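Student: Could you help me see how the labels put on a structure follow from its numbers?

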Amino acid sequence: RAQNDVDSILSRPNPRLYLYKHLVPHGFLGRDPSDHVIFCMRAGYVNFDLMEQHVFVMHYVYILEYLWNILEPGPSGTMVFLVDLSGVSLGKLRRFVGFVKQFCSTIDQHYPQRGHKTLVVNAPKWFGTMYRVISPLLRESTRQMIELYSQGNRQTEALRKYLGPENIPQEMISNSPPSSLIHSSLQGDFEEFSRARTESAGAKMIQ
């Protein structure tokens, strides 16, 4: 935290918020039936050519700092993390493994026991092999929260159970590219928070 000055990250301008959202489709979906915040990332559509791994990991740290300090302050809050793997191909595998390793180790180190459930959906057949490489980086308690699903009725039922029908992005069910960016009232509040901090610092948001 000290090395990256995380404690002051929310007070700093974040002019690339919208740019990051285009390069890595992600956002707050809403709340599950038990009132946990749901955050979604469509990992298969990460633009690795324009997004450096460390840059996005730090952007996600910014999101989590907002979540645990503004949206859900207090030590007991947990979240549902939805990772959509539609669009992931074997050609992206090498770069994706490196990204996930850095991502998981950073989150597991600095935000332990903040996960209620992690749902990995639309997983291709080969993902199980990659997960066996990644899983030793995670705490045992974290591994127990992760559930893997491939497209089909079992996945659809799990999404209905854990997210609630109103929070299921239909593009995930159809395994199609995102035609619009993830949006909700929670996501709108987050973007307004970031925009206000950026403009108060005299900077402009990059679209």
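Tutor: Let us take some aromatic pairs and then a helix.

Tutor: This is a predicted model, where local features need pLDDT of at least 70, side-chain atom pairs count only at pLDDT 80 or more, and totals for chains, interfaces and linings use all residues. Residues are numbered from 1 along each chain as its sequence is written, and side-chain values use heavy atoms, with hydrogens and water left out.

Student: Why is the pair of Tyr60 and Phe81 called stacked?

Tutor: Rings of Phe, Tyr and Trp (its six-membered ring) pair if their centres lie within 6.5 Å; planes under 30 degrees apart count as stacked, over 60 as edge-to-face and the rest as tilted. The ring centres of Tyr60 and Phe81 are 5.7 Å apart with planes at 25°, so the pair is stacked.

Student: And what makes the pair of Phe28 and Tyr66 tilted?

Tutor: Their centres lie 6.3 Å apart and their planes meet at 50°, so this pair is tilted.

Student: Why do you say that the buried residues of α8 line one face?

Tutor: Buried means under 20% relative accessible area, exposed over 50%, partly exposed in between (1.4 Å probe, protein chains only). Among the buried residues of α8 are Leu186, Phe190 and Phe193. Seen down the axis, the buried residues of α8 fall within an arc of 155° (taken from the directions from the helix axis to the C-beta atoms), so they line one face. On the other side of α8, Ser185 and Ser200 are exposed.

Key
Helix = DSSP H or I, 4+ residues; strand = E, 2+ residues; numbered from the N terminus.
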